[in-house]
Amino acid sequence: MQEYHEKIRFKPAVADTIRIGVVGAGSFAKAKLMPLVAKLKHTKINAVVDANIANSMNVSKLYGAARALAHDDELFATDLVDAVVISSAHKYH
């Protein structure tokens, strides 16, 4: 059995602020979740993903997010976030 621990590299976070990505900017996320996340110390909502790009853009502007996206694969293909909050409809996660 080959040992895999040598291949795994862990790089501890050293940033002062954790960049948060929110997937799903529906009613619950906008009314409850995102206001709570935005109030956390050392965090910043840095990207918002919603299938409705107009909604994503509006919410991104509200929180000063760097990017508004329509597809979560765009979020994961970039270095925009350190953590992701999934707030899509239950049938999608």
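Two strands count as paired if DSSP finds at least two bridges between them. This is a predicted model, in which local features need pLDDT of at least 70, side-chain atom pairs count only at pLDDT 80 or more, and totals for chains, interfaces and linings use all residues. Residues are numbered from 1 along each chain as its sequence is written, and side-chain values use heavy atoms, with hydrogens and water left out.

**The overall plan**

- The protein chain has three helices and four strands. Both kinds of element are DSSP runs, numbered from the N terminus: helices are H or I with at least four residues, and strands are E with at least two.
- Of the 93 residues in the protein chain, 29% are buried. Here buried means under 20% relative accessible area, exposed means over 50%, and partly exposed lies in between, using a 1.4 Å probe and protein chains only.
- Among contacts in the protein chain with a separation of 6 or more, 55% join residues 24 or more positions apart. A contact means heavy atoms within 4.5 Å.

**The sheet**

- The four strands form an open sheet in the order S3-S2-S1-S4, with parallel pairing. Strand S3 (67-69) and strand S4 (83-86) stand at the edges with a single partner strand each, so one side of each is left without a neighbour in the sheet.
- From one strand to the next, the twist averages 30°. Angles run from 0 to 180 degrees between N-to-C directions, and axes are lines fitted to C-alpha atoms, for helices over the stretch in contact.
- Strand S1 (residues 18-23) also pairs with S4 in the parallel sense, over four bridges. Along this pairing, Ile 20 has Ala 83 in S4 as its bridge partner, and Val 22 stands opposite Val 85 in S4.
- On the side of S2, Arg 19 has Lys 44 as its bridge partner, while Gly 21 stands opposite Ala 47.
- S2 and S3 pair in the parallel sense over three bridges, and here Ala 47 stands opposite Arg 67 in S3.
- S2 is mostly covered, with six of its seven residues buried.

- Helix H1 (residues 27-39) lies across S1, strand S2 (43-49) and S4, and runs at about 145° to S2.
- Helix H2 (residues 53-63) lies across S2 and S3, and runs at about 160° to S3.
- Two packed helices are described by the angle between their axes and the distance between the axes. For H1 and H2, the angle is about 35° and the axes are 12 Å apart.
- The crossing of H1 and H2 is right-handed. A crossing gets that name if the near helix is turned clockwise from the far one by less than a right angle, and is left-handed if anticlockwise.
- Lys 30, Met 34, Pro 35 and Ala 38 of H1 meet Asn 55, Val 59 and Tyr 63 of H2 in this contact. The residues of the contact divide into five nonpolar, one polar and one charged. Ala, Val, Leu, Ile, Met, Phe, Trp, Tyr, Cys and Pro count as nonpolar, Asp, Glu, Lys and Arg as charged, and the others, Gly among them, as polar.

**Two residues to look up**

- Ala 70 is found in the loop between S3 and helix H3 (72-76). Ala 70 is partly exposed, with a relative accessible area of 22%.
- Leaving aside neighbours within four places in sequence, Ala 70 is in contact with Val 49, Asp 50, Ala 51 and Ile 53. Ala 70 and Ile 53 are 17 residues apart in sequence, and their C-alpha atoms are 5.2 Å apart in space.
- Ser 87 is found in the segment after S4. With a relative accessibility of 15%, Ser 87 counts as buried.
- Not counting residues up to four places away in sequence, Ser 87 touches Val 23, Gly 24, Phe 28, Ala 29 and Leu 33.
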